[in-house]
Amino acid sequence: MEIREVVICPADGMPLAMSYTPMQPWEPLYNDATALLRGTVFPALDLPFEAAEE
């Protein structure tokens, strides 16, 4: 009878994921009305949306 090694997951023993999150300096937040219009309370995250042209 032949015995074979079964590999269940080649990543066993490795971390599932790693993330890099840079520090963001604290700054004044948008007021409630502006935040609702802009979709964020953080001015640094208020970026323009540029849709790709077809």
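**View 1. Threonine 40 and its contacts.** Setting aside neighbours within four places in sequence, threonine 40 is in contact (heavy atoms within 4.5 Å) with Tyr30, Ala35, Leu45 and Asp46. What you see here is a predicted model, in which local features need pLDDT of at least 70, side-chain atom pairs count only at pLDDT 80 or more, and totals for chains, interfaces and linings use all residues. Residues are numbered from 1 along each chain as its sequence is written, and side-chain values use heavy atoms, leaving out hydrogens and water. Threonine 40 sits in the segment after H1, where helices are DSSP runs of H or I with at least four residues, strands are runs of E with at least two, and both are numbered from the N terminus. Threonine 40 counts as buried because its relative accessibility is 14%; buried means under 20% relative accessible area, exposed over 50%, and partly exposed in between, with a 1.4 Å probe and protein chains only. A polar atom of the threonine 40 side chain lies 3.1 Å from the backbone nitrogen of phenylalanine 42.

**View 2. Tyrosine 30, from the segment before H1**. Once residues within four places in sequence are set aside, tyrosine 30 is in contact with Ala35, Arg38, Thr40, Val41, Pro43 and Asp46. The tyrosine 30 side chain also makes a polar contact with the side chain of aspartate 46, at 2.7 Å. (A polar contact is a pair of N or O atoms within 3.5 Å; within protein, one must be able to donate a hydrogen and the other to accept it, and residues adjacent in sequence count only if both atoms are side-chain atoms.) With a relative accessible area of 24%, tyrosine 30 is partly exposed.

**View 3. Aspartate 46 pairs with arginine 38 in a salt bridge**. The closest N and O atoms of this pair are 2.7 Å apart, and a salt bridge here is a side-chain nitrogen of Lys or Arg within 4 Å of a carboxyl oxygen of Asp or Glu. Side chains of opposite charge can pair when their charged atoms come close. A search of the whole structure turns up 1 salt bridge. Aspartate 46 belongs to the segment after H1 and is buried, since its relative accessible area is 17%. Arginine 38, in turn, is partly exposed at 49%. Not counting residues up to four places away in sequence, aspartate 46 touches Tyr30, Arg38 and Thr40.

**View 4. A nonpolar surface patch that includes leucine 29**. Trp26, Leu29, Val41, Phe42 and Leu45 together make this patch, which covers about 520 Å². Leucine 29 lies in the segment before helix H1 (32-38) and is partly exposed, with a relative accessible area of 43%.

View 5. The chain holds 1 helix and 0 strands. Its radius of gyration is 24 Å, well over the 10 Å that the globule rule gives for 54 residues, so the chain is more spread out than a compact globule. The C-alpha atoms fill a box of roughly 75 × 35 × 15 Å along the principal axes. Of the 54 residues, 6% count as buried.

Note on methods: Patch = residues over 30% accessible without salt bridge, like charges linked within 9 Å, V, L, I, M, F, W, Y side chains within 5 Å. Areas by Shrake-Rupley, 256 points an atom, 1.4 Å probe, with all protein chains shown as cover. Rg over C-alpha atoms; globule rule 2.2 N^0.38 Å.
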